[in-house]
Amino acid sequence: MRSGLLLFFSTQFVCSVLGQVSYSIPEEMPKGSLVGNVAEDFGLDIKRLKTGKARIFSRDGDKYVELHSERGVLLIKNRIDRETLCGQTTPCSLHFQIILENPMEFYGVTLEITDINDNPPSFEKSDVKFKISESVVRGTKFILDRAFDLDVGVNGLKSYTLEPKQHFVVKLHDQADGSKNVEMILEKPLDREKQEHISLVLSALDGGEPQMTGTMQILITVLDANDNAPVFTQSAYKASIREDSPVGTVVMAVTATDADEGSNGRVTYSISSIIENTGGVFEVNAESGEITLKRDVDYEKARSFQMNIRASDDGGLGDSCKVTIDVIDVNDNQPNIQIISKSNVISEDARIGTVVTMINIEDADSGDNGKVHCYINENIPFLIKYSTGEFYSLLTEYELDREIATEYNITVTCSDEGVPSLSSSVTLTLKISDINDNAPVFERGSYEAYIMENNTPGVSIFTIKATDADWNQNARVSYILEESSINGVPVSSYVSISADSGVIHAVRSFDYEQIKDFTFCVKAQDGGSPPLSSNVTMKILIQDQNDNPPQVLYPVQTGGSMVAEMVPRSAVGYLVTKVVAVDVDSGQNAWLSYKLQKATDRALFEVGLQNGEIRTIRQVTDKDAVKQRLTVIVEDNGQPSRSATVIVNVAVADSFPEVLSEFTDFPHDKEYNDNLTFYLVLALAVVSFLFITCLVVIVSVKIYRWRQSRILYHSSLPVIPYYPPRYSDTLGTGTMPHVYNYEVCRTTDSRKSDCKLGRAGSQNVLIMDPSSSETLQRMQSERNILDEPDSPVEQKPPNNDWRFTQGQRPGPSGPHMPYGTHIRWTPKNGTRATGGPEVAMGTGPWPQPPTEAEQLQALMAAANEVSEATATLGPGTMGLSTRYSPQFTLQHVPDYRQNVYIPGSTATLTSNPQQQQATAQQATQQALPPPQASAQAEPPKAAQTPASKKKSTKKEKK
């Protein structure tokens, strides 16, 4: 419950207390209870509490109170027990500060804890015993132990009651120091004979609501008469002790006397009551009355102790006195330094007097021992200044510069004035944050760079470098090409610069003859805000390269006319002419030298090496030619050297008519081509490459043919292919007879004769070479390889779709040629054949070997066919239809109805021409190809003879 509010404000130093407020709450409030609204009382905004990181600073107050920044109120953090916190001290208050940052402010808060009646009165002892003589008169006083109530004010101890009230009453007796003694007064005389033991109950009552009590039992033994009580020499005693005194130190001694004798006069000392929680610190000797230190004392916890000493005799009579012991402070506590608020980083542009850190310093000692002085290390731009109370502020004394020092280690030392002096220190690390206060600085005031002309675009020319004393982003330097123009052209079309590295690149290829140097500005800019920059001048010098050959100015070379210099015959050392040449390059690349490269007569003329003058060396004789041709070469001094040639025609004559007659038909020489050698070498290389390629192809073809022959004909026995008589398979549609057409062109020289074989439709033609020792199948495969290099040699399986029985067809397979074949006879009895893309030769073994009778019948049939066919042969014609290959072996039973080819003969033998014709017509009707296939068939073309080839070759040459 909030019972009081005190609010005041003061305007002091920037770090002094800006306001003070006091609150009053009862003790034992539950956790989370509201103490007060500091935001409202101090006039602070809730946002200010949040941004200022408001918090409570106190040595002990933060244990009991917490600040709720969201609401701006103070709340109970832990239950507060006033008796534990303050004891008997009134008023009981907590002092703490509310600290704000950015800017640093703090507000003082005083929290008064009011007492509630939560503690009953209590006695140190639960019972006490008295021995009272029966002779004690009425009104005799007996000192009782006082009760102790931890509560204060109205809740403190108020009254005592004694029950029963038969013999005694209780009264309070005021003393000079304001305290009250509890006295038990005898109102009715005792009678040991009636009642030897009396039991009383002393009750202590407080003034709280509800009222609380504490009790102590009094046991009284009635004795015989003892009429004198002990008496102290002083009613109050006072002593002092150093806080560093060891345990067992005698503080003082009290003395009491008793007029009685014997046991009634023997005095015993004891501590009757302890004030302000000093119990257990001291003890008294029961016989001597010496008070000794029982445990260590601490000035910072208790500065004085009070107690009542009672002296009693054996008869039960007694007296009491008050003893006060003061604790003397000793410098045993060093200053305690605590950082309230600090900044780890401060900007280098902070103003002088900026608060960096607030420090709270406390010394628990008193007097000079508690006086503290603080100082910091020297040679730093800071100072420490006393603010108020126990607070000090660390301020900036001079301007800061991060480039001089990036951080400071500040040692704060505080010492007291005690003897010996005690001190403590704390070290603070303060970093200086950077601001963009330094512009980039180039390593030089200006730069020059050289680059050779005819450079590659994009090549690196030079690298400039600028540094910035700032840090991080403020020190990140970017390079920018300042806008300018060179001969009206923007500088960016000449060079570029890398923004990060400062590398300058050439954008174009430079020509020394057009521009020799140019100047531009480069700006270095940092990444600060706002950015700082600096400029530097860059000059690029173009270096000359020998990229221009000399140019001959005189004599002028004309293509259509001829100019000749005339030299008299009698001249010696005569200046014929002077070759004048220039070179647009510079330096040694433009130094020219003249040499005589070729001349009709080298012994007649010479050329000046430096001036190019052509002079005669000797006198002209009759043997010298009238027409002289000089070739002068002009070379520069570059690396590599470049040159130009000029031709000078000289006429050796004494008069102009002679010159004119001699040079009437002067041939105009062709200009020499510098690339002539190159083209000749290139042509030779091409020819050589083609020759080697052709040679490799020919060898490869030969090897390929040889390997194919080895694969297809690797057998120890001769193979006789069988070809079905007069029939062939036409795409699986049936069979048709063979019809052959022949054109034979014969000359007196048989090696140059041409033979053309043609067929109509899808007829098959079988060609045989009588002088060849190979089988027809192998010859046909070679022809296919020559005519179609890309088509592989393929042997197709025989077609089973024969329209004859096994008795009519002695062989299982046969050849078929869907396309026509042309045969060109070569001088060496070789053939050159062209055929369709799929010419297949079928071969296969006979089911059984022929018998001798079958072989004899085959020979007789062959002889009969030869005799019948001889009459049918006309001059100039030759039938080449065959059935068997030249290597004939009777391994199979032949079909005697078919044609027979006799090795060594050019005749085709048939047994019955009329029968063959009829059979062929019938097979043609049964196995005609589709109309589309007939339409696609091409007529046979006439083969070109060697004679016709020669004629066409001559025409091409013409």
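The following legends describe close-up views of a predicted model.

**View 1. A nonpolar patch lies on the surface.** The patch is formed by F678, Y679, L682, V686, F689 and L690. Together these residues have about 630 Å² of accessible area. One of them, Y679, is located in helix α5, which covers residues 676–712. Y679 counts as partly exposed because its relative accessibility is 47%, a value between the limits of 20% for buried and 50% for exposed residues.

**View 2. Strand β14 pairs with β11 and with β15.** Strand β14 spans residues 197–206 and is mostly covered, with 7 of its 10 residues buried. Strand β11 (residues 157–163) runs antiparallel to β14, and 6 bridges join the two. Strand β15 (residues 213–223) is also antiparallel to β14, to which 9 bridges connect it. A hairpin of 6 residues links β14 to β15. Residue A204 of β14 takes part in both pairings: its bridge partners are Y160 and, in β15, G214. In general, the strands of a sheet pair through hydrogen bonds of the backbone, in either a parallel or an antiparallel manner.

**View 3. Three strands form an open antiparallel sheet.** The order of the strands is β18-β22-β21. Strands β18 (250–253) and β21 (282–284) stand at the edges; each has a single partner strand, so one side of each lacks a neighbour in the sheet. From one strand to the next, the twist averages 20 degrees. Strand β18 and strand β22 (residues 290–293) are paired over 3 bridges in the antiparallel sense. Within this pairing, V250 has T292 of β22 as its bridge partner.

View 4. P103 is situated in the loop between β7 (92–100) and β8 (105–114). P640 belongs to the loop between β51 (627–636) and β52 (643–652).

**View 5. E28 and N454 have positive phi values.** E28 is not a glycine, yet its phi is about 65 degrees. This residue, E28, lies in the loop between β2 (17–26) and β3 (34–37). With a relative accessibility of 27%, E28 counts as partly exposed. N454, also a residue other than glycine, has a phi near 60 degrees. The loop between β34 (446–452) and β35 (460–463) contains N454. Because its relative accessibility is 37%, N454 counts as partly exposed.

Definitions and conventions:
Residues numbered from 1 in each chain as written. Predicted model: local features only at pLDDT ≥ 70, side-chain atom pairs only at ≥ 80, totals over all residues. Heavy atoms only, no water. Patch = residues over 30% accessible without salt bridge, like charges linked within 9 Å, V, L, I, M, F, W, Y side chains within 5 Å. Areas by Shrake-Rupley, 256 points an atom, 1.4 Å probe, with all protein chains shown as cover. Salt bridge = Lys/Arg side-chain N within 4 Å of Asp/Glu carboxyl O. Helix = DSSP H or I, 4+ residues; strand = E, 2+ residues; numbered from the N terminus. Buried < 20%, exposed > 50% of the residue type's maximum accessible area, 1.4 Å probe, protein only. Pairing = 2+ DSSP bridges. Axes fitted to C-alpha atoms, helices over the stretch in contact; angles between N-to-C directions.
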